[in-house]
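Trainee: I am new to this structure and would like a close look at a single part of it. Could you walk me through the aromatic rings and how they sit together?

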Amino acid sequence: MLRDQNELTDYLATGDRRLLTRLAHEYRTIAGYAGTYDQLRYIDAKGMEVVRVNFNDGDPVIAPDAELQDKRGRYYFTDTMAHDHGQVCVTPMDLNIERGGIELPYKPVIRVGTPVFDAQGRKRGIVIVNFLARIILDIARAGMDHAPGEAMMLNQDGYWLLSAEPSRNWGFMFPGHEDVRMEKVYPAVWAAMQQADIGYLYTEYGLFTFIGSDPLEPQYRFIAEVTGTDNALRVHARHRWYFIAQLPQAQLQAMRTKILATVASIGTFIVMLLAAVYQEIIIIQNQRREHRAELERLARVDALTGVANRAAFEDCLAQEHERAGRWRYEHRFALLYIDLDGFKAINDSLGHLAGDQVLTDVADTLSANCRKGDAVGRYGGDEFVVMLADVPDVATAQAIAEKLRDRIDALSWSGLSVGASIGVAV
């Protein structure tokens, strides 16, 4: 949605910086409603932030030009820029960095971005969102509070994201802490974790139970479903998390064999239950998001023909009228009002099912013969409307109307056809 915003598209076409103000206001509105995005940004092809909105603990603010930063050296910018049109880049969880330093207090984020192209197909930068990963960590922490012993969460390289020892956390973000990871501290446990997704291991440091989870497994890939292509989701690296419970040796020695076996089973069960609950939460949230999006789509389309309904079309028309009023140079758009001739005769002779097919075929014909950016709607009964987003003059709008009328005239149902009367306003 951010990639295809008309304000951004128009800015890339015209260079009119007034459009950036409207873009920033839309970012701020989205941040306020979502409540889960720390930053929304458009970064140009040179790596310079052009628009940035900060969540600001629930009171989103637009960053002034003086605070915009050069991000060309950040890995997420180069990775996202390397993607193709329609592909989405997802980075691993790390800490947010501002002006070359780690932001305090720590702010865990996962960045999701996609490249932006202008009308000529040139790559003009990226749009990118910082998801507040603290939400994920809080869910994990709440679940692991019920596990016996010390609960931990690791990333794909074995670095701690959560642990009872804060000095262990985020070792990969700090020079000199590269060895503060599971492979170096508990090498045998790490080796076992690489051999199985779920398991436990008894060591001199106690009993470890663990489970591995990949948050970008197919059941979570709603991003690919939204973009309409299976290969849209491109990850920066492996996105794997490990949830671990460590029962120290001192506690184990105080237990009898039966209790030890019970606790081991409970520990493994709780870690597995945590992962299952966490995965179920994500799946349910995705299903709800998809269901809500489908309900919103159905509320804006005509149930029979699939084109915009009257309310949705009038919203589109109002937006185009307001957009035309913002442009400094003359900008024209056209409205075509279409009434079918002979529709009642088909309805009466062939029945209502045939009449429904006529309306569906006409809607498909209008949609297929309009340009990207134009809008087609059913206004009621056998009346349709078409909004031509950009026409140079009345003659062009009339020529398009004639073409549409010819296409409708060429349709036929059991030897019967309809005509079209089209009114044109520019």
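Mentor: Gladly! Let us start with Phe-174, which is partly exposed, having a relative accessible area of 24%. Please keep in mind that this is a predicted model.

For Tyr-106 and Phe-174, the centre-to-centre distance is 5.9 Å and the planes stand at 45 degrees, a tilted aromatic pair. To find the two in the chain, look for Tyr-106 in the loop between β7 (101-102) and β8 (108-117), and for Phe-174 in the loop between β11 (160-162) and α5 (182-185). They are 68 residues apart, and the pair thus links distant parts of the chain.

A search of the whole structure turns up 8 aromatic pairs. One of the ring pairs is Tyr-75 with Tyr-76: their centres are 5.9 Å apart and their planes meet at 80 degrees, so this pair is edge-to-face. The cut-off behind that name is an angle over 60 degrees. As for cover, Tyr-76 counts as buried because its relative accessibility is 2%, whereas Tyr-75, at 21%, counts as partly exposed.

Next, turn to Tyr-159, Trp-170 and Phe-172, which ring pairs join into a cluster. A ring can also have a charged side chain above it: Arg-168 lies over the face of Trp-160, 4.6 Å from the ring centre.

Phe-269 has a relative accessible area of 52%, so it counts as exposed. Together with Leu-273 and Val-277, Phe-269 makes a nonpolar surface patch of about 280 Å².

The protein has 426 residues, 45% of which count as buried, and its secondary structure comes to 13 helices and 19 strands. Its accessible surface is about 21800 Å², with 53% belonging to carbon and sulfur atoms. Among contacts between residues at least 6 apart in sequence, 61% join residues at least 24 apart. The pair we began with, Tyr-106 and Phe-174, links distant parts of the chain too.

Conventions:
Residues numbered from 1 in each chain as written. Predicted model: local features only at pLDDT ≥ 70, side-chain atom pairs only at ≥ 80, totals over all residues. Heavy atoms only, no water. Patch = residues over 30% accessible without salt bridge, like charges linked within 9 Å, V, L, I, M, F, W, Y side chains within 5 Å. Areas by Shrake-Rupley, 256 points an atom, 1.4 Å probe, with all protein chains shown as cover. Salt bridge = Lys/Arg side-chain N within 4 Å of Asp/Glu carboxyl O. Buried < 20%, exposed > 50% of the residue type's maximum accessible area, 1.4 Å probe, protein only. Helix = DSSP H or I, 4+ residues; strand = E, 2+ residues; numbered from the N terminus. Contact = heavy atoms within 4.5 Å. Phe/Tyr/Trp six-rings, centres within 6.5 Å; stacked < 30°, edge-to-face > 60°. Lys NZ or Arg CZ within 6 Å of the ring centre and 35° of its normal.
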